[in-house]
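I opened this entry to keep track of what I looked up, chain by chain. The sequence and the structure come first, and my notes follow.

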Amino acid sequence: MTVFFGVFLLTLLLIVAIAIVRADNLFVAVMLGGIFSLLMATIFFLLDAPDVALTEAAVGAGISTVLYLAALALTAEREKRHTVHQIKALVVVTTTALLVIFATFDNVQFGDPTAPVHVHVGPWYLENTQRYMDIPNVVTAILGSFRGYDTLGELFVVFTAGIGVLFLLGTRPKKDTEAAETLIPQQSETSEGLRNYLIPRLTGRLLVPIILLFGLYVQFHGEYSPGGGFQAGAIIAAGIILYALLEGETAALRVVPQWMLMALMAGGALLYGMVGVVGMLLGGQFLDYSVLADNPVTGQQLGILLIELGVGMTVSGVLLSIFHAFAARDKY
Amino acid sequence: MMSAIGIPIIGAVAILVVGKISSNARAAVVLLTAGALVWVVAGLLLNLQASQLEVVQIAEIVPGITIALRAEPLGLIFAALASVLWVINSVYSIGYVRANNESNQTRFFVFFSLAIAATMGVAFSANLFTLFLFYELLTLSTYPLVAHKGDESSVRGARVYLGVLLVTSIGFFLPAIIWTYALTGTGDFVTGGILQGHIDGPVVGLLLGLFVFGVGKAAVMPVHRWLPAAMVAPTPVSALLHAVAVVKAGVFAITKIVLYIFGGDFLGAEASIKWLPYVAAFTIIAASIVALHQQNLKRMLAYSTVAQLSYIVMAIGMINPLANIGAMLHIVTHAFGKITLFFAAGAIYTVSKKTELNQLRGIGRRMPWTMLAFSIGALSMIGVPPTAGFVSKWYILAGAIQTDHYAVIATLVVSTVLNALYYLPVIYLAWFGLERSGQENFGQGQAAPTIEHAEAPGLMLIALMATAALTLLLFFFHQPVVQLIERLAHGV
Amino acid sequence: MSLLLDVLSWGLLSLGGVFVFIGGLGAVRMPDLYTRMHAASLTDTIGSILIIVGVMLQAGASLATLKLIMILIFLLLTSPTATNALASAALISGNLPKVATQYGKDPSQ
Amino acid sequence: MDWLGVYYYWAFAALLMIGFYAVIAKSNLIKKLIGLSMFQSAVFLLYITMGKIDDGTAPIYHEGISQQIFSNPLPQVLILTAIVVGISTVALGLGIIVRIQEEYGSIEEHEILGIDER
Amino acid sequence: MSAWAQHLPALQVGVPLLTTPIIVLLRPHGLSWAAATLTSCFTFFIAVMLTVAVLQGQQVQYSMGAWPAPHGIALSVDAFSAILLLIVTGASTVALLAARQIVNAEIEASRQPLFYTAWLLALAGFVGILVSADAFNIFVFMEISSLASYVLIAGGSDRRALPAVFKYLVMGTIGATFYLIGIGLIYLMTGTLNLADMEVRIREVSDQKPILVAAGFITIGLALKAAVFPLHLWLPNAYTYAPVPVTVFLAACSTKVSLYLLLRFDFFLFQPNLLNHNIQFSYFIMPLAILAILAASSLAMFERNLKRLLAYSSIAQVGYILLGASLVSLIGLTASVIHMFNHALAKAALFLCVACLATRCANLRIDSLRGVAKQMPWTMAAFLLAGLSLIGVPGTAGFISKWYLITAALDEGLLGVGLIVVVAAGSLMAVYYLWRVIEAAYFGKTNEGAEIVGEAPLGILVVCWLVVLSNYYFGLAPSLPTTLSSAAAQILLGQVP
């Protein structure tokens, strides 16, 4: 049954992908992109990866769609039909695909438990997670502790992106005469939000606390069920973005001011790093949580809790900062 | 030896400092430096026995590749020659730059000193790598001198100069050096050579070719193009560098490579290198014929230099003790003769702004001393006794006869005739021609204004008379030099 | 008992599926945005209610059922709101219903 | 079901092609960026596919249930990271695009090149 | 102290990484430059300590979170990574020392803390790649460094930087994704991500096709990031329109780090385990390297903008590095590694001179630099001396690498002769394009109406001369880079020293 379901979803995914490429209207392409991400999330779920599915849904369908839309509001909605290097592109693309197919075609071990992937490192985690840290979600265990350094790096990628967008959009555009003539600056209506629309506003107000609550649940329940800092950060950010859409930019910034976003962003990264440094100071290695408490298992659990918190803080801080950076700009 | 290289460098720095204060102080520093250098080199020359030819290692760059110096006789001759002529040339240049109001005089003297330092480095280098290092430094430090005037034509000339020298050195010389290191694991200059037993057959000829054409400063055709191009430089530069230091560094490098890297015995037995004298002979004849057609005095002298350099290469290529002595001697004698000629050309330019041959009619009557020196130099080029040029040519001829090298003998004869053909008319015109007014020179493109002038300034005159006198003296007292060379031939 | 539950839940699920299918058909076949939205709302309301209740019957009285109830409430809150927002946005941007204009009425008046 | 595995890999390859094509051939910068994220999504699919074990479940222990086959958790962790890296790249890319629009008044590559050549 | 010594690899990454949130939190006005510079200095100091440890023959290993590899992430530092660590941290420090005035002029004070944060993130990313021994971890840090580089390049006031950086972003992401595909295929066949473990387990893989394709993807992906010739399109504009200190930093190390990975993967992982890989590698890389040297040099010869000229020269130098590697021999690899070091020295010095020029000249076209040597004698003297090192004149650092390269080529017989011709031609082209600048600056007539400019600020000039002189120091006493690079070559060829 799942087999057919998988094939069906994959086919749908490909159709959507082609539709995205062919869409002239960028707005349509972005919305289709959201659908693409949801389909992808479903496929991930089907492949036993609920953590990834949750992330893909929150990040791909949620946050990235919002960011694209924010950018579209500042740029142009329609794509001009101008395809370059079509032949070259086709040649390069086909070669790449053929290479991949060449590599995998006659060596498919899909779902085969004896494949090298499933006998070497992976099982070790499944066998030892209980012993070392006693938490049910193995993905969280690997993410937080076994490969915690990767996650630290990942957190700093997000941090870098945040810094980057703030830096790039921290400057007011030079009033290019050329651009100013063709495009008259539009008065931004974001500060008003949806105040004049009763139904969306009412429902939205009802939903925001629920979303935030769900975010906190995902954050702190990450050790037991799918979820963790990233997903939670994305969900909380989405909740506040919804608030900003309803009540307007300024209202949102009054609730969570710019300095607080910066503090969240840097504080989360710092929190994560400090957990590592404290491990070092207490005589362990960098990011060694076992030394955080008397009992190594408790230490691990504490460490994972703390770093997930750090991740959640930074991710929500960065995503909100980026959203505000886009939303606060006038179109030129 | 370190001080031989160090003194000019210190001098350069001192000139840079003093040059801002006064031009007299700068002149004093220049002369002082030159004097000190002669003193040091003379000291080395006298202590040749005592110093036991030690190798002084300065730095080891990669295991096996070192910067090292050694005072061996060949290098000493070259160093002594360059340093003595530097003193005379300094006197001359001070007079020249003042009389011509050259700009950037400090830069001129700074790079001049640096070039001399590099020359000393070439002279004393104890291995191929050190030789190459100083060889390149010489190229680079003389570039600003060639481009000194800064106008379009001098920059273009300097570009050719740099281009040819760097292309040959990086394109041929460096690979040849690395090849040698790769074959033998060393590049030390050892009497008798180091390549024997590591290489044989036609590739020896290839390697030698890389060296000969790689050392572009030796101006073997077809890599001679830079030398006429470099004539855009102020005359003192042409005189010392492009008659002595730079070009001689080229042939000197070839000599060292042939004697100390290949080794006379090895090359003598190798058939694949027999082409060398022929190429040199071709260069001699061709360059002489080209010189015959030149209208510009300095360009004519430049082509003459090309020809004379190939005498040395040809002599070395014969692999014969007598010819070797001739080659060494020719480095010295040609230097004195050619520098005299350039000095004279510079003196003429300074007082009359004349550069073309046909403008020189009757100039001997206005500048008798200058033209006397010019005549002595020209006779030395042709090889007429009692000038020094005769002695070296004689040794080369003796070597050729000893080895029955008829082609060389023929070349010597033909080239002597050619030399005479282009030098004698100049002398004749200068002394016996009638000075004409500027109008008639119009055909040459640049009508030289007829300037009423007399003899050149005193400082320049002293210098050119000194070198002319030395050219004569060396004919009578060449024995000490020959002895020095013979000691080398016996493998000190 | 369990058989009864099974039959019931399958029935609900298939019925939900049928409604979803009809909704999809309508979204494709209807002439303009508003009528299409109208058809599509069938999927959001009756379709999803039937399917979720069907799944609830499968799950029994557990935490999962609680979660499903939450999802249902969430869906029932959001999808009408979204439909409303979409329709009014379309109207404001000047996209008029085809069906209404055919009868010569302008709904914006 | 061997052919299912093949289908997953083919879908990966096809998705890779579509995304990559959009990146190279499209002139619109936002379209390029969308293509880029599809290109990355394809790789996510590859990783997650290889982590799947037949009859496995998500790698989360439940009370009382023992002796279960879990799918490989490691690729999932990697892809979690990769997804976040992807959105970071997209965010930064959009920031650059907005700046380009402000400076050039266009987000079509060929137009921008033309503007600077003038 | 010794307790801390074992943490050095972690500190190497941790120090710059964890300083960044502190800077963002405090945003110290005017002090962010000092903070970044101090951090960079300290990172350099750690790199020196690590190098000393490597030279003493220690096995520098570190397990993150105390989880042993392959289950946890391991860090390891050997001679190859040590020499790159020196390059990267040194370049960052030097560029930062020279950066203050130019950044003050180009970027508003309010944005400067973010700029320096991005700088440290880029540094941490590069360093993280170098110390890591885990394939996926390398990807993560590659992305940190890339994203931070994009930010840095787009930082200047020149709008043309924006399309350039977008192109870089697209190509860089494609490169990183290719790398990820390659790693995925290897992981599929071996089940591990730790490099050492991978090396052992690839040997046991019977079907080599996926590994072969993985090698292809990784090599191409990294070649894209390393600006190997036909894939270099992002580089010239990115370097040209970036703020000059950023160009100093990135030109000295960003492509080098990708080349490091390229060599590490191809030699460490694939060379011993794939049939005929050395031949495939050579056939693939050598033509590209030769093309890079010749084509990029000739583009540089006709380029009018000084910065872009130097950028093309960088592409040509990547060719030299790959040429050494493509010989697949001990000396060839030594030449390759040592050229990374020496080219970083020379290019950093040259771009620092450009930085000096940029403080005084509005425009960096060669035409507008005529006669500038009279006004900025020290700057142009430094340019000349650094240029000599790039050309490879004896006595300079550049010569050492050319020497090794030609020695390596000589072992190849007839092919070697051809390669020597290429190397020599490349050097001569370098003479040509650098000399155009020198000639204009020294002998060109000052442009009519050009305003009188003075010498560059002393701070930048001192840094510039420091780097120029180190070119000569390492040209005359190159034992440090030669020791490290020959050890690196041995490691790459699997001959454990």
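I count two residues as in contact if their C-beta atoms, placed from the backbone, lie within 7 Å. The model is a predicted one, where local features need pLDDT of at least 70, side-chain atom pairs count only at pLDDT 80 or more, and totals for chains, interfaces and linings use all residues. Residues are numbered from 1 along each chain as its sequence is written, while chains are lettered from A and ligands numbered from 1 in the order in which they are written.

**Confidence**

I looked up the scores for the complex and found an ipTM of 0.84 and a pTM of 0.87 from the predictor. The mean pLDDT of chain D is 84, and 90% of its residues reach 70 or more.

**Chain B**

I started with the contacts inside chain B. Of those with a separation of 6 or more, 80% are accounted for by residues 24 or more positions apart. For secondary structure I used DSSP runs, numbered from the N terminus: helices are H or I with at least four residues, and strands are E with at least two. By that count chain B has 20 helices and 2 strands.

Next I looked at the dimensions of chain B. Its C-alpha trace spans about 65 × 55 × 40 Å along the principal axes. The radius of gyration is taken over C-alpha atoms, and the globule rule is 2.2 Å times the number of residues to the power 0.38. For 492 residues a compact globule would come out near 23 Å, and the 21 Å of chain B agrees with that.

For burial I counted other C-beta atoms, placed from the backbone, within 10 Å of a residue's own: 20 or more is buried, 12 or fewer is exposed, and in between is partly exposed. In chain B, 59% of the 492 residues are buried.

**Chain D**

I found 4 helices and 0 strands in chain D, in the pattern α-α-α-α along the sequence. Buried residues are 75% of its 118 residues. Among its contacts between residues at least 6 apart in sequence, 46% join residues at least 24 apart.

**Which chains touch**

Which chains have the most contacts among the 5 pairs that touch? They are chains A and D. I noted 74 residues of chain D in contact with 89 residues of chain A. On the chain D side, the elements that give two or more residues are α1 (2–25), α2 (29–51) and α3 (73–104). α3(D) gives the most, with 24 residues.

I sorted residues into classes: Ala, Val, Leu, Ile, Met, Phe, Trp, Tyr, Cys and Pro are nonpolar, Asp, Glu, Lys and Arg are charged, and the others, Gly among them, are polar. The side of chain D that touches chain A has 46 nonpolar, 19 polar and 9 charged residues.

I then turned to chains B and E, where the contact takes 18 residues from chain B and 20 residues from chain E. β1 (55–62), α6 (128–146) and α7 (152–184) of chain B each give two or more residues to its side. α7(B) gives the most, with 10 residues. By class, this side has 15 nonpolar, 2 polar and 1 charged residues.

I also looked up pairs without contact. Chain B and chain C do not touch, and their nearest C-alpha atoms are 70 Å apart. Chain B and chain D have no contact either, with closest C-alpha atoms 32 Å apart.

**Two helices**

The expected span of a helix is 1.5 Å times one less than its number of residues. I checked α11 (229–247) of chain A, which has 19 residues and reaches 27 Å from its first C-alpha to its last, close to the 27 Å expected. Since 17 of its 19 residues are buried, α11(A) is largely enclosed by the rest of the structure. Gly248(A) follows α11(A) and has a positive phi, near 100°.

I checked α18 (414–443) of chain E as well: its 30 residues reach 42 Å from first C-alpha to last, close to the 44 Å expected.

**Single residues**

Is Val255(A) buried or exposed? Val255(A) counts as exposed, because it has 11 C-beta neighbours inside 10 Å. I placed Val255(A) in helix α12 (249–255) of chain A.

I found Arg111(E) in the loop between α4 (79–106) and α5 (112–131) of chain E. Arg111(E) counts as partly exposed because it has 16 C-beta neighbours inside 10 Å.

Terms used: pLDDT = per-residue confidence, 0-100.
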